[in-house]
Structures are given as structure tokens and as C-alpha cells.
Amino acid sequence: MKAVQIKPDIYWVGAIDWAIRDFHGYVTPNGTTYNNYLILDEQVTLLDTVKRDFSEVTIANIKNLVDPSRIRNIVINHIENDHATGIGDIMHLAPDASIYITDMGKKGLERFFDTSKWDIRVVKTGDTLSIGKKTLFFLETPMIHWPDSMMTYVKEDKLLVSQDGFGQHYASAARFDDEFITCYSAAELEDSVRDYYANILMPFGTLIKNKIAEIQKSGLEIDMIAPDHGIIWRKDPSKIVNMYLDMANGKADLRVVIIYDTMWHSTEEMTVPIMQGIKDEGVDVKVIKLRANPISYAVKEFWKARGCIIGSPTLNNTLFPTVAAFLSYLKGLRPKNRMAAAFGSYGWGGGAVKDIYEEIRKMGIETVEPGVQVVYKPSGEDRKKCYEFGREFANRVKAYHAKFE
Ligand code: FEO
């Protein structure tokens, strides 16, 4: 896709990755984009590069606007591979450009590239760079998404280039929020934002809240937010900021998601009366079998719902492997403000339900115990127990959810 003007003399020159479905293990059913931005000022300045596979695409976009050898400054807001691996190709064309990056970014970049001939200038929060008519203001945002991360604010255009922050993994021809909503829907966009936040930024809610407060206190006026993934927020940038604040403050839907796996369908059979009990208490419910879905999808649905019931058969006295993998992934994301319980079938000694509770207690998730277990296969009486367990859990979730309203 050719370059798109986003502000006077500022252009999106990025690439659309329609085909990617595995983003370092996180499944991206809608692909993604690698956004970067070119400013045509007295000093031509490039904000970020792209994943190296797409170097030719961004270079073609740049060449349609200016000779790349005229690039004087390159800002690297984040060194992760999807943004910075294209730097070598850009530096080949603009060897005299200066690179602006955080101290942590510089240290990381030196691990990926031979930077000995590059002019690298370390910046920190509050540093500015005048490039002619426009002024760049740098703002460090460590852990949103890596320790090196920063954002760049273009003062005269009230434009915040936010690298991973406020992004979404969604390949579309729409470059702006209003275009996307017209072509798709606001609900699709919101789902994509929540998916991205759940799988990438969930552990950093407190840092995100503090950084947004810092930006608001600093008095920076923002009328456009341009992330390095997905659409650019031009119609209403406050919408994405408020969504982030809501998520960082624990926002969830009043819903229960049942996430499970099964060996010989016994644990699976338990999901039916549990689901019905939840439904009969007026709470929305969704059922996700782990072997039929990517973990990142289960995590997105976990994050959107206030309550989760995790089911596993016992295999060799412990968890079924897919359930163990889900819990391991979830642990790293450090979920907060969610309620969970466990269920499962076993043949003799049991162990899976105990292990689920141990894991979710360690994560600090509010638990409803002791869950429900059946031997071998659920009997009629077991199904009643499951149904009542579903009802009880739904009522506990309703009461817990009310604390956040
Ligand atoms: Fe899009 Fe943290 O990289």
C-alpha cells in the first residue's frame, strides 16, 4: 500500500502483513501492520522502521516521497524485531543519518547490529529535537512494551507516535479509526484492541495507568495517536486512551468463560451442565476447548470475561498438557481483577483440579473453591452437582463484578 499522509508533511510509510498468523506464538487471525512514519521537514526524519521482511515495501514508499539518502534522523522508539530489524537496510541507504533511541534501546540495538559506524544519540524523557518547522519530544515508556520503549510526540501537529502502545494486530486497507469503523465495525476494532492488550500488555496495567497520568499531567495536547501496529486514532484518540485506562483498572464483561480440555470426553461432558447453570443465573457464558483453539484466543476471552472456570482431566496425577500450557502462559501475563474456579474428571488419584487451584491462587486470582470433580464419567447426580456449581459460580461472579461497576 502506498504512503498515506496523516498530517501536513507527515506520512505513514509502513507495510501491511496480510499473511502472518503466528506472531511469536501469539495467533494473529487478522494479520498485522508495521507502521512507520516519515516527516518531510528541513531535516527529513523517519520515525521507526519495519520488520526486515518488509524493508523493500517501506523503502519503496519512502522513495516515492524523497530520496532515502536525504534522511537525516531516524527515531527508533522500540527495538523489537517487528520494528527495528529493517534499520540495517535503511542505514545502507542513509549512512549519515543519526539514530535517536533510549539508552536501553542503544544497548539492545548493539546486540542485533554492528553499530560501530552509526551515529547513535541517546535520548530520555523531556529531550527535544528540532528538525526545522517541527519539534520532536521524546517520552520514555519502559515496559510498554520492552524496557527500551519510548514514544515520540510531534509538537506542532499534536501527534503522538506510540510504537506498540494503543496498537492492534489487524491487517486492513483502512489506515484510520474512522475508516476502519466504516469498513468493519467499532465492535471489531474494540475486540482487536482487547486481544492485543490481553496478549501483550496485560502485565503492565499499572505502568500504563501511570504513564497515561504522566502524559495528561504534562499538558501535551494530543489530537492523533499513531501506533506502530494497526489503525491510527484520528477521529477520537481519547477513545483508545480511555479503553486502556478501563482495562488497566480491571474492566471486564459480566461473562464466564469455561476453558477446558478433555481426554475421553468426561471433562467435556461436565461443561454442559456447568454452562447451563451459569446461563440460568442470567450470566453470559462461553465455552472454549483448548485443543480446538489457540492459547492466545483463550487468553483474549479470559481477559474479556470477569469469571473463568478451568477444566482438566487428571493425567499422571496432574494437569492435561494443554491446560498446563494455558496456565503457564496466563501466569506470565499476571492477570488481575478476575475470578476463577476449577473442575475435571479423574480415574483414581486425581490431582488436576488441585493443581489448577494452586496455579490460579499463585497468580492472585480470586478463587471459588473447591470446584467440582467426578470419577471417570459424570453420572446423573454428578451433572446436577455441575449445574449447581455453575449457578453458584455465576452468583459469585455477579457479586464480584459489582465491585467494579
Ligand atoms: Fe510490536 Fe514489542 O513489538
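## Basis

Residues are numbered from 1 along each chain as its sequence is written, and side-chain values use heavy atoms, with hydrogens and water left out. The model is predicted: local features need pLDDT of at least 70, side-chain atom pairs count only at pLDDT 80 or more, and totals for chains, interfaces and linings use all residues.

## Overall fold

The protein has 13 helices and 22 strands. Both are DSSP runs, numbered from the N terminus: helices are H or I with at least four residues, strands are E with at least two. The radius of gyration is 24 Å, close to the 22 Å that the globule rule gives for 405 residues, so the protein is as compact as a globular protein of that length. That radius is taken over C-alpha atoms, and the rule is 2.2 Å times the number of residues to the power 0.38. Along the principal axes, the C-alpha atoms fill a box of roughly 80 × 40 × 35 Å.

Of the 405 residues, 57% count as buried. Buried means under 20% relative accessible area, exposed over 50%, and partly exposed in between (1.4 Å probe, protein chains only). The protein exposes about 16800 Å², and carbon and sulfur atoms supply 51% of that area. Areas come from the Shrake-Rupley method with a 1.4 Å probe; for residues, only the protein chains shown count as cover. Among contacts between residues at least 6 apart in sequence, 72% join residues at least 24 apart. A contact is a pair with heavy atoms within 4.5 Å.

## Helix α12

The buried residues of α12 are A352, V353, D355, I356, Y357, E359 and I360. They pack against β19 (305–311), α11 (321–333), β20, β21 and β22. An α-helix has 3.6 residues a turn, so residues three or four places apart point the same way. G364 follows α12, with a positive phi near 85°.

## A nonpolar surface patch

W348 sits in the loop between β20 (339–346) and α12 (352–362). W348 is exposed, at 72% relative accessible area. With V375 and Y376, W348 forms a nonpolar surface patch of about 420 Å² accessible area together. Patch residues have over 30% relative accessible area and no salt bridge; like charges are joined within 9 Å, nonpolar side chains (Val, Leu, Ile, Met, Phe, Trp, Tyr) within 5 Å. A salt bridge is a side-chain nitrogen of Lys or Arg within 4 Å of a carboxyl oxygen of Asp or Glu.

## Cysteines

The whole structure holds zero disulfides. The criterion is a pair of cysteine sulfur atoms within 2.5 Å. C386 is in no disulfide; its nearest cysteine sulfur, that of C308, is 16 Å away. C386 is buried, at 0% relative accessible area. C183 is exposed, at 55%.

## Backbone details

A cis peptide bond joins E369 and P370, with omega about 15°. P370 lies in the loop between β21 (366–367) and β22 (372–375).

Two non-glycine residues with positive phi are D9, near 65°, and Q163, near 40°. D9 is in the loop between β1 (4–7) and β2 (10–12). D9 is partly exposed, at 38% relative accessible area. Q163 is in the loop between β15 (159–161) and α5 (177–183). Q163 counts as buried, at 0% relative accessibility.
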